[in-house]
Amino acid sequence: MSETITISYAHLVRLSDDVGVFEHARLTTPRHENGYCVDDVARALVVVAREPEPTEELNALAQVYARFVIEALTEDGRCHNRRGKDLNWQDEPTVEDHWGRALWALGTAAARRPDLTEKALAHFMIGARQRSQFPRAMAFAALGAAEVQHVDPGNPTAQALLADTATLIGPPTRRLDWRWPESRLHYANAVLAEALLVAGAAPDQNRTHADGLAMLRWLLEVETAGDHLSVTPIDGWATGEKRPGFDQQPIEVASLADACARAYDDTHDQRWREAVMLCEAWFRGENDVSTPLIDPVSGGCCDGLEPTGRNENQGAEATLAMLSTMQQARRLQLAE
């Protein structure tokens with residue numbers, strides 16, 4: 001495990017307790033009063049479950065995160081998101097993005113953590129009964145379904161979820177200047193393309209896979225400026241709007257890294273591997289304001305890239321996005 005990843009995991013540990021990972025931080029200190037959210041705990045479970053060299057501390061956190069995500073699911077498969085420090089849920093269960101991330105996390109844990117496989121798979125099956133109207137929620141869930149296929153090939157629930165996700169996202173437009181199924185880019189954009197890649201792995205779904213590659217190729221071009229990434233800002237982007245835009249978020253880069261890593265796995269095209277390295281470099285300072293987002297002292301990642309520098313807060317989402325990207329870059333480097 002690299003030194004950077006090691007100290008970044010140490011920051012994640014500081015943001016966590018025996019319930020989950022805290023949602024916000026003030027600089028490097030978790031804000032306990034804001035409680036927890038499934039969005040971040042699910043992200044944490046994905047990252048820890050994917051870690052090939054987990055420490056005992058990370059193994060213990062995987063158990064904590066899995067318990068949190070499982071407790072968020074209701075009997076009908078919907079999902080709470082926000083939990084107070086008093087451990088009471090503060091919202092009604094829905095099938096929004098946190099539901100999709102919960103299924104992604106459970107599928108990943110089922111496939112990659114033998115100690116969690118049985119329980120995680122059982123609860124994935126409960127959550128996968130539901131469907132969301134939101135493409136990104138379905139895309140996150142589809143990533144979990146793809147993981148389930150590794151541990152339970154041909155699982156009909158996972159297959160149905162993948163097919164329904166591809167239908168909801170739909171193909172990109174035929175416009176050469178806008179190869180995307182939405183009229184505007186929003187956030188974590190590459191997850192839509194990655195969802196089509198995993199759905200397109202099914203027999204007779206070559207067109208879906210090709211659509212995913214076309215979308216990802218266009219998105220990478222749009223989010224690259226010269227020799228560095230210039231990603232879609234938090235308010236989104238459409239043709240004719242000013243670039244670069246700010247506040248640029250680490251989650252956008254992490255989503256791009258995940259999707260490009262999967263495209264490389266599927267095609268062995270070196271361009272996708274190089275794109276993952278661009279994503280890692282963005283965190284290290286090869287970005288629109290030449291500013292590293294990694295704090296070498298705390299190991300945390302700053303929350304966003306601003307026109308004049310960076311947002312110094314180091315919350316869980318940003319640090320997990322950086323860790324996720326470094327996981328992918330390290331994996332592809334070791335595979336050379």
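# Reading the terms in a predicted model

Q: What makes the crossing of α6 and α8 left-handed?
A: A crossing has this name if the near helix is turned anticlockwise from the far one by less than a right angle, and is right-handed if clockwise. The crossing of α6 and α8 is of the left-handed kind. This is a predicted model, in which local features need pLDDT of at least 70, side-chain atom pairs count only at pLDDT 80 or more, and totals for chains, interfaces and linings use all residues. Residues are numbered from 1 along each chain as its sequence is written, and side-chain values use heavy atoms, without hydrogens and water.

Q: Why are α6 and α8 called oblique to each other?
A: Helix α6 (residues 135-151) and helix α8 (residues 190-199) pack at about 40°, and their axes are 9 Å apart. Angles under 35 degrees count as roughly parallel, over 145 as roughly antiparallel, 65 to 115 as roughly perpendicular and the rest as oblique. The pair is therefore oblique.

Q: Which residues of α6 and α8 make the contact?
A: Contact means heavy atoms within 4.5 Å. Among those in contact are Phe140 and Leu143 of α6, and Leu192 and Val198 of α8. By class, the contact of α6 with α8 has ten nonpolar, no polar and two charged residues. Ala, Val, Leu, Ile, Met, Phe, Trp, Tyr, Cys and Pro count as nonpolar, Asp, Glu, Lys and Arg as charged, and the others, Gly among them, as polar.

Q: How do you know that α10 and α11 are roughly antiparallel?
A: The axes of helix α10 (residues 250-267) and helix α11 (residues 270-284) come within 8 Å and cross at roughly 160°. On that angle, α10 and α11 are therefore roughly antiparallel. Their crossing is left-handed. The residues in contact include Leu256 and Tyr264 of α10, with Trp272 and Phe283 of α11. This contact has 14 nonpolar, two polar and one charged residues.

Q: Why does proline 307 count as exposed?
A: Exposed means over 50% relative accessible area, buried under 20%, and partly exposed in between (1.4 Å probe, protein chains only). Proline 307 has 51% relative accessibility, so it counts as exposed. Its place is the loop between β7 (304-306) and β8 (309-311). Leaving aside residues up to four places away in sequence, proline 307 touches Phe246 and Val289.

Key: Axes fitted to C-alpha atoms, helices over the stretch in contact; angles between N-to-C directions. Helix = DSSP H or I, 4+ residues; strand = E, 2+ residues; numbered from the N terminus.
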